[in-house]
Amino acid sequence: MAIKRLFHFDVKTYANYGDTILFEAIRHLFNGYNGNRSFHVTGTRNLRHEVGPAMVKGINEHFDAAVIGGGGLFLRDTNANMNSGWQWNCSVPVLKKIEKPLILFAVGNNRFIGQEDFAPVFREHVNLTFEKASFVGLRNRGSIESMKEYVRPELHEKIVYQPCITTIASHIFPDIFKPDLRREKRVGFQVTMSKRQDMGGFDKPAIYKAMEDAIVDLKRRGWEVEIIAHVKGDEEFYDHLASRGINTKLIVLHHIPRGLYEGMKYYSTLPITVGMRGHGQMIPFGVGNGIISIQVHNKLRYFLRDVNHEQYCINPRSEDLKGRLLTLVDDWYEDFDNKRAAFGRERQNLFDITMSNMKSISAALGADEGDGQFSPYSSFARELSITAYNDSMHRDAEGSRALDLARKNRLLQQKLLA
């Protein structure tokens, strides 16, 4: 059977480490499935750029299918547009012209607590997208249930569970994973309190104070505490602690030149992570961390529920946030090897689900289904992927500037003709 050529609608950025590694990991998965004999991802495009007729023509003529995702793409205010109502910026008329199958892969409903509903166009667009798709895989079961509220009943059976690829990073990047990681009194805190959390009614000063007090207690008992920044805004908590004379180590994962895999390498050495972002938990889980989630977004609980460890999710409105947090950190430390092994079994289950889904995608596209084997990149291939990633990111930036310039020119012409 011929290898199927895939086009990937993605996001390439160093501004948010979750997005930095996510889409590249998906390319590793498709390229490496079945010993590189089923798929080759040979074209990419920033999914937030508007899809036009020329792009559709290229996909129809030169590719066998288009992959969209993963990530929390069902969100109205990131890349706000009236073409689709979610992050993929493809209008309904243009979507209708795509002749090749769509693969919606590990996408999530990313609406924040307290956020307004999607724009009216979203319902029409997502129904057409699901209808045209050969595979609809959503990254947690909470997203599956919530998205059923927007799509027609006859499309419900198309939706399957496809966990985020970062959650199986130990399989995708086996040479980065450290199977013999030992317990130590070292914990990372990834803290996010922005306008979106304010919108959800979370008490930022109270949450900061509880976490600050927990960190002081941990340091007093000999713990090394590191503050992890996936985005620039995550550094605020480090500054908060420093202003109060609390010394911690800042780990910056964003805006690292050629830093595509640096976050994975860092997390692979860290025993325990306390996190508030989706990928601030899924990535460390994927490389073997013990994780504790502060639920400022429902997706954090959805994920832990899917891996049968919801007990590690803390309600930030809890009156005893500090006490609950310290208890879970101590629990991880006291029984680290057994708990880490339990996470490993869940990770294997997620990998098995993924391989089964890849076999289904292969069958749907007429590719070699294989026997569920995956071949990870060599270290040399991974270095080459960094160069390709950076080059493509620069092309996307140039394309964005060109689109913006064209939009401004159209507005100017409209004014002149008015």
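A residue counts as buried under 20% relative accessible area, as exposed over 50%, and as partly exposed in between, with a 1.4 Å probe and protein chains only. By that rule Arg-196, at 24% relative accessibility, is partly exposed. Before we go on, please keep in mind that this is a predicted model, in which local features need pLDDT of at least 70 and side-chain atom pairs count only at pLDDT 80 or more, while totals for chains, interfaces and linings use all residues. Residues are numbered from 1 along each chain as its sequence is written, and side-chain values use heavy atoms, with hydrogens and water left out.

Let us stay with Arg-196 for a moment. This arginine sits in helix α7, residues 195–199 (helices are DSSP runs of H or I with at least four residues, strands are runs of E with at least two, and both are numbered from the N terminus). Leaving out residues up to four places away in sequence, Arg-196 touches Leu-75, Asp-77, Thr-78, Phe-112 and Ile-113, where contact means heavy atoms within 4.5 Å. Ile-113 is 83 residues away along the chain, and its C-alpha atom is separated from that of Arg-196 by 8.1 Å.

Rolling a probe the size of a water molecule over the atoms shows where empty space is left. On a 1 Å grid over the protein atoms alone, a pocket is an open set of points with protein on both sides within 12 Å along at least five of seven lines, a cavity is a set where a 1.4 Å probe fits but cannot get out, and lining residues have an atom within 4 Å of a point. Grid points are joined across faces, edges and corners, and a volume is the space filled by probe spheres set on the points. The largest pocket holds about 700 Å³ of space. It is lined by 38 residues, and those closest to its centre are Asn-16, Asn-110, Phe-112, Arg-196 and Arg-277. Two or more lining residues come from each of α1, β4 (71–74), α7, α8 and α11 (279–286). By class, this lining has 13 nonpolar, 15 polar and 10 charged residues (Ala, Val, Leu, Ile, Met, Phe, Trp, Tyr, Cys and Pro count as nonpolar, Asp, Glu, Lys and Arg as charged, and the others, Gly among them, as polar).

What about enclosed space? The whole structure has 1 cavity of 30 Å³ or more, and the largest cavity has a volume of about 70 Å³. Its lining is made of Arg-139, Asn-140, Gly-278, Gln-281, Met-282, Lys-299, Leu-300 and Phe-303. Helix α12 (298–306) gives the largest share, 3 residues. The classes here are 3 nonpolar, 3 polar and 2 charged.

In α1 (residues 17–32) we find Thr-20, which counts as buried because its relative accessibility is 0%. Beyond its sequence neighbours, Thr-20 touches Thr-13, Tyr-14, Leu-260 and Tyr-389. In α8 we find Tyr-208, which is buried at 6% relative accessibility. Leaving aside neighbours within four places in sequence, Tyr-208 is in contact with Val-191, Met-193, Glu-236, Phe-237 and His-240.

After α9 comes Gly-245, with a positive phi near 75 degrees.

Finally, the aromatic rings. Rings of Phe, Tyr and Trp (its six-membered ring) pair if their centres lie within 6.5 Å, and planes under 30 degrees apart count as stacked, over 60 as edge-to-face and the rest as tilted. The whole structure has 25 aromatic pairs. Trp-223 and Tyr-333 are edge-to-face because their ring centres are 5.4 Å apart and their planes stand at 65 degrees. This pair links distant parts of the chain, with Trp-223 in the loop between α8 (204–220) and β9 (224–229) and Tyr-333 in helix α13 (residues 321–334), 110 residues apart. Trp-223 is buried at 4% relative accessibility, and Tyr-333 is buried at 18%. Elsewhere, one aromatic cluster includes Phe-7, Phe-63, Trp-86, Trp-88 and Tyr-150.
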